[in-house]
Amino acid sequence: MSEAVSTLKVSLWRGGSDGRFKTYTVPLKANQTVLDIVTWVQRHLDPTLSYRFACRVGMCGSCAMTVNGRPRWTCRTHVTKVIQNGMLEVAPLANMPVIKDLAADMRPFFEKWVAAHGTFAASKTRTDAIEPIKPDEPARRAADEAIECINCGACYAACDTVRWNPDYLGPAALNRAWSLVNDVRDSDRTSRLAAISAEGGCHNCHSHQSCQEHCPQSLNPTRSIAGLKRLSMQAFVRGEINA
Amino acid sequence: MLIERLQTDILILGSGGAGLFAALHAHAVDPALNIILATKGLLGKCGCTRMVQGGYNVALNPGDSIERHFMDTVEGGKWLPNQELAWTLVNKAVERVQELENEIGCFFDRNPDGTLHGKAFAGQTFDRTVHKGDLTGIEIINRLMEQVWARPSIGKLEEHRAVALIKARDGAAIAGVLMLDIRTGMFCFVQAKAVLLATGGGPTMYRYHTPSGDKSMDGLAMALRVGLPLRDMEMVQFHPTGLLAGPDTRMTGTVLEEGLRGAGGHLLNGAMHRFMDKYDPKLERATRDIVSRAIYAEMKAGRTTPNGGVYIQMSHLGPAVVAKKFKGMVDRCRDCGFDLAGGLVEVVPTAHYFMGGIVCASDTATELPGLFVAGEDAGGVHGANRLGGNGVANSTVFGGIAGDVMPGWIAANPGFRTPDEAMLVAETERALLPFRNPQGDINSLREALLDAMWDDVGVVRDAGGLADGLIKIAAIEAELLATGVADTDRTFNLTWQDWLNLRSLCETSRVIALAAMRRKNSRGAHFRTDFPDPGDFLTSRFTVARQVTGQIEVGEAPVRFTHVKPGESLLRADLAAE
């Protein structure tokens, strides 16, 4: 099988937040993702290149990076789809500390997930039967529309508000909170609404829609956040939460 | 060498279904306990539970029964499962699924009337597989992970690799685990009163494999070095339809789901002919092992596609129908440049799950006091074959049990044990070996191992091939031990990690080949052309391998039929016939 050898120039971020791009020449192949390019550099050109991946198929959200300026899952991004003028530039996810090279520190992202009360609070126990819930009930449909987030951080990296206000909880955490306030089994609704209404909460969102534009799962966190704003106002008017 | 020292009551290795459940349960038993959860990647994001597509087998429906789930598991495992473990699995799965829904917050798919939906899955006599679409693992792990993140007192060591289990000075129990902080490149000894090994199996030593890229059988390699017995090590489950996208792409080997064949997908060889009629009357709907062997036979006969596999074709079902019904798979293929709905996609059998593992009791205890095991690192639950839907049940059931059991064990065996310092030094030196050697091409060695295991210790085996495989494994390992990594920067050094991964894979590969040589019959996932018959079920034996003074010894032990014997059933005859 003969293959015309063509190459691609790829610039990869090296170092910490004060690092810089370094350019490599990599062979182009028929079936090649951005993760494969990064892997090729580590295996053949520079064994010290650091990056993160796990599942290889878009289920774990470990390998998101900034690819030609946009946050993407590198394992599911075919190179031919993203090359611009024969160039590929890969950097760590924005809005997170850089650990090294292409690996970002996702800890603040998950700390905000917790701060938004993005955790189910039980109202039943393991000895109770499973609650019958019709899948077409409006609340359940709202919860389900937001549920398929794999916490890859692409929306958080794309969010202008996070960039300007590091305390902002961000689209993924708020999207999870929206799913939970619509979950009839959850018992933490009021304090969750208070948490997402506080400083750094849903009212910071300017509806720039970057999150839904960049979500690889085609979720719409902007809509979830709009829903939270509505519930937050209602709860405030009813005196359930403080301003 | 000076290394950092930490102390904790409980150390959990792994953040899949087993590790996360263990942390939550141990914390619930006694919130004052110090618990550290260490994981090779990011918490809940590496490993394989998250990659579960199918679902979770549980006998919750009034028309189903624990006994029926048990019989399916034991018969699926070709009478090799440890029946106490299988019995615990099917019983505890009921409570665990209710816990996942009611306490952890998972929401599984419902029927229109609001009751839980159970889907049909191969090899089962009842539609008992609870699921969330075809991405069940994501729902389970996301919900577990956020529960663990919300408990700040559970210590979290992310991107920490377990290097070695360290025994106490007197050798009578475990003292802790030598860890490597991947980010800093620094070692750390975590002294613990109890340790749970839940790193997951993951047979990534085959040319085509499905597990997460971080998996390298480290748990079983570490267990071998402390002399623990490993059972059923010949049992590697192959999934028939892994994506085949050629070399140099991490996409190759990843699973295209079972349901594609179930829905009527066709397999075509390189000559564009359907071939399953030559192998099984159920055609493409035959079980995983049969379809895998059939594809392998076509490949051996040279009737292959350009990349050396076969095609899966779905388009005759209507591209629009396929795109709707298998959205996840169609999207994934499209992102990678393939048209699953309307075109042909190359596929190949791919190593998927490891049934073998550490011999353990139903309470997850191992032979080494203080060390517990759960999930894919544990052996005996599935025997010769795992049913789809029993994998995540296994990890979550036994992870939870380990979390329940360890606090009591600590109370009965209080205090830290003094580590064997010589072992600590030796293990640290062992992990630093690549820095003493001249730099070399680790990836080509990895590829040589993957080819050797695929060609000689794979889907179809025989004595000659296994012997060749053992020679190749030894040569690759010897070359690895003489090959180094540049010692210019140890921080987040993936090439160093690749070296360590490959060493674990060489060690466990050897055990697979030796156990496969020992089993002179064909059961479930293990098929030998020189011994094609399954053998007598009533006198079934399982293999047990252990490392004794640096050598692997493989023996056998009889299966104890503590609940049901071959030829009998726990189901009433009238019901069993259904």
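Student: What does the model score overall?
Tutor: This predicted model scores ipTM 0.97 and pTM 0.97.

Student: And what is the mean pLDDT of chain B?
Tutor: The mean for chain B is 96. In chain B, 99% of the residues reach 70 or more.

Student: Which element of chain B has the lowest mean pLDDT?
Tutor: That is helix 15 of chain B, residues 573-576, with a mean of 54. At the other end, strand 16 of chain B, residues 371-373, has the highest, 99.

Student: OK, chain A now. How many helices and strands?
Tutor: Chain A has 10 helices and 7 strands. Its C-alpha atoms fill a box of roughly 65 × 40 × 30 Å along the principal axes.

Student: How much of chain A is buried?
Tutor: Chain A has 243 residues, and 50% of them are buried.

Student: What about contacts across the sequence of chain A?
Tutor: Take the contacts in chain A with a separation of 6 or more. Of these, 65% are between residues 24 or more positions apart.

Student: Which domains does chain A have?
Tutor: The domain assignment gives domain 1 (6-104) and domain 2 (107-237). Over C-alpha atoms, the centres of these two domains of chain A are 29 Å apart.

Student: How many residues are in contact between them?
Tutor: In chain A, 15 residues of domain 1 are in contact with 15 residues of domain 2.

Student: Which strands supply the domain 1 side?
Tutor: Strand 3 (64-67) and strand 4 (70-73) of chain A each supply at least two residues of that side. Strand 4 of chain A gives the largest share, 4 residues. By class, the domain 1 side has 8 nonpolar, 4 polar and 3 charged residues.

Student: Let's zoom in. Where is Thr161(A)?
Tutor: Thr161(A) is in helix 6 of chain A, residues 160-164.

Student: Buried or exposed, and why does Thr161(A) count that way?
Tutor: Thr161(A) counts as buried because it has 20 C-beta neighbours inside 10 Å. The cut-off for buried is 20 or more.

Student: What does Thr161(A) touch?
Tutor: Leaving out residues up to four places away in sequence, Thr161(A) touches Tyr168(A), Asn204(A), Cys205(A) and His206(A).

Student: And how far is Thr161(A) from Leu102(A)?
Tutor: They are 59 residues apart in sequence. In space, the C-alpha to C-alpha distance is 23 Å.

Student: Switching to where the chains meet. How many residues are in contact?
Tutor: Chain B has 53 residues in contact with 50 residues of chain A.

Student: What is the strand order in the open sheet of chain B?
Tutor: The order of its 3 strands is 3-5-4, with antiparallel pairing. The edge strands of chain B are strand 3 (56-57) and strand 4 (118-119), each pairing on one side only.

Student: How many bridges join strand 3 to strand 5 in chain B?
Tutor: There are 2 bridges, and the strands run antiparallel. Asn57(B) has Thr129(B), in strand 5 of chain B, as its bridge partner.

Student: What does UniProt list for residues 9-392 of chain B?
Tutor: An unreviewed UniProt entry lists "domain: FAD-dependent oxidoreductase 2 FAD-binding" there. In the model, residues 9-392 of chain B are 27% helix and 21% strand. The end C-alpha atoms of that stretch are 27 Å apart.

Conventions. Residues are numbered from 1 along each chain as its sequence is written. Chains are lettered from A and ligands numbered from 1 in the order in which they are written. This is a predicted model: local features need pLDDT of at least 70, side-chain atom pairs count only at pLDDT 80 or more; totals for chains, interfaces and linings use all residues. Two strands pair if DSSP finds at least two bridges between them. Two residues are in contact if their C-beta atoms, placed from the backbone, lie within 7 Å. Domain bounds come from an automatic or database domain assignment. Ala, Val, Leu, Ile, Met, Phe, Trp, Tyr, Cys and Pro count as nonpolar, Asp, Glu, Lys and Arg as charged, and the others, Gly among them, as polar. UniProt positions are given in the numbering used here, feature names are shortened, and annotations may be inferred rather than shown by experiment. A residue is buried if 20 or more other C-beta atoms lie within 10 Å of its own, exposed if 12 or fewer, and partly exposed in between; C-beta atoms are placed from the backbone. pLDDT is the predictor's confidence in each residue, from 0 to 100.
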